[in-house]
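Here is a short briefing for a reader who is new to this structure.

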Amino acid sequence: MTSVSININGVQKTAEIADNTLLVDFLRTEARLTGTHVGCDTSQCGACVVHVNGHSVKSCAMLALEADGAEVATIEGMADADGSLGVLQKAFQEHHGLQCGYCTPGMVMSAADLLKTNKNPTDHEVREWLEGNICRCTGYHNIVKAIQSAAAEMRG
Amino acid sequence: MYAFEYVKPKDLDDAVALLKNHEEAQPVSGGQTLIPTLKQRLAAPTQLVDLKHVHGLSGVTHDNHHVCVGATTRHMDVEQSDILHHHIPAVAELAGQIGDPQVRRRGTIGGSLANNDPSACYPSAAMALDARIHTNSRMLMAEDFFTGLFMTALEEGEVITRVDFKIPARAKYMKFPNPASRYAMTGVFVAQFHDEDGVRVAITGASEDGVMRHHGLEAALNANFHADAVDAVAISADGLMSDLHGSAAYRANLIKVMTKRAVSAIQ
């Protein structure tokens with residue numbers, strides 16, 4: 001067992017864990033943040049995407065110990081301080097960017113990373129960026145619409 | 001996953017000592033292949049030696065003839081490297097086609113070369129660009145480095161530190177990706193040099209032995225660097241992979257098509 005300390009959505013979480021603990025398992029079972037999902041568990045589907053030090057990664061393909069001392073952002077941190085939905089989340093809701101919702105946390109975290117560096121992406125760039133996020137319900141059209149709408153709102 | 005101990009040395013000598021002193025120790029960098037492999041219990045290392053924190057193994061530099069990429073440089077850093085965009089844009093483009101953005105944020109060039117997956121992209125660039133692969137103890141030419149399916153000349157406890165790509169006059173990588181995994185069903189890296197190296201064509205994703213050069217294509221393109229020159233070259237399906245994604249004959253055809261596309265893009 002090894003001690004790990006990770007800042008998750010602004011809150012420091014410290015625990016003794018087995019070295020082979022995946023980041024996604026740490027988030028879900030130790031930190032009790034179950035918004036981050038495990039879909040394929042083979043690092044293809046992107047349901048487990050979170051930000052580590054500001055960049056999106058697949059938390060099922062990373063050890064919790066690799067994030068020791070890092071800042072991690074999960075879907076739970078995307079809502080505003082009063083608990084109401086953030087801009088991207090609201091856009092997914094308004095544009096019907098989800099049906100079953102299983103992939104949505106990963107989609108939102110992935111999109112948030114894109115919009116940090118590319119504030120005005122083309123539809124093609126959005127689709128390319130989402131290559132590692134699989135949705136089996138929507139056919140992606142409304143996800144792209146939601147992200148473009150959020151991007152426009154963020155640009156003001 | 002089986003249990004293991006995770007260690008993150010800061011110094012190359014410490015990393016090498018850890019790998020040499022523990023028979024079942026395994027180096028890890030981005031872990032984008034290794035961690036899924038561990039999850040399937042296809043490997044059981046006793047120690048994971050994380051090379052990401054070892055000083056001096058990351059970054060892109062260049063001299064007159066080579067672009068030098070540190071082993072723990074991530075795919076996305078290669079994709080966005082100004083030096084590569086200026087000197088060998090084909091390598092930056094290749095990196096941008098690996099996996100997906102999240103994989104490119106973690107995966108590293110050293111890990112890809114050391115794993116030598118027969119469908120990985122980087123080995124083709126290393127072969128076509130006559131790369132020098134540096135390790136903690138020696139330097140190997142790419143052609144001597146890749147020795148077969150998932151096999152390299154690396155010895156136990158030996159780690160890649162840097163790869164130097166020879167700067168070509170022009171180059172292009174064309175990949176036919178598997179739509180699910182994004183691995184190359186066949187990828188062709190064509191490079192043209194204005195010295196005795198001439199044209200070099202390296203192919204990944206096709207051969208049962210992993211990355212290979214194709215001397216028939218090279219001869220034809222040395223005589224006439226034009227996509228039409230590829231038509232006359234016979235591509236044998238012998239020794240090519242046959243699996244649920246495509247037959248050997250299908251891959252032989254892909255070699256021709258991807259080579260023509262690469263040459264068309266730069267001729």
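Helices (H or I, at least four residues) and strands (E, at least two) are DSSP runs, numbered from the N terminus. On that basis chain A reads β-β-α-β-β-β-α-α-α-α along its sequence. This is a predicted model, in which local features need pLDDT of at least 70, side-chain atom pairs count only at pLDDT 80 or more, and totals for chains, interfaces and linings use all residues. Residues are numbered from 1 along each chain as its sequence is written, chains are lettered from A and ligands numbered from 1 in the order in which they are written, and side-chain values use heavy atoms, with hydrogens and water left out.

**Fold**
- Chain A has five helices and five strands.
- Chain B has twelve helices and 14 strands.

**Size**
- The radius of gyration is taken over C-alpha atoms, and the globule rule is 2.2 Å times the number of residues to the power 0.38.
- For the 156 residues of chain A, a compact globule would have a value near 15 Å, and the chain's 15 Å agrees.
- For the 267 residues of chain B, the rule gives a value near 18 Å, and the chain's 18 Å agrees.
- The C-alpha trace spans about 45 × 30 × 25 Å along the principal axes in chain A, and about 55 × 45 × 30 Å in chain B.

**Burial**
- Buried residues (under 20% relative accessible area, 1.4 Å probe, protein chains only) make up 52% of chain A and 57% of chain B.

**Charge**
- Lys and Arg count as positive and Asp and Glu as negative, while His and the chain ends are not counted.
- Each charge is placed at NZ of Lys, CZ of Arg, CG of Asp or CD of Glu.
- In chain A, the mean positions of 11 positive and 18 negative charges are 7 Å apart.

Terms used:
Buried < 20%, exposed > 50% of the residue type's maximum accessible area, 1.4 Å probe, protein only.
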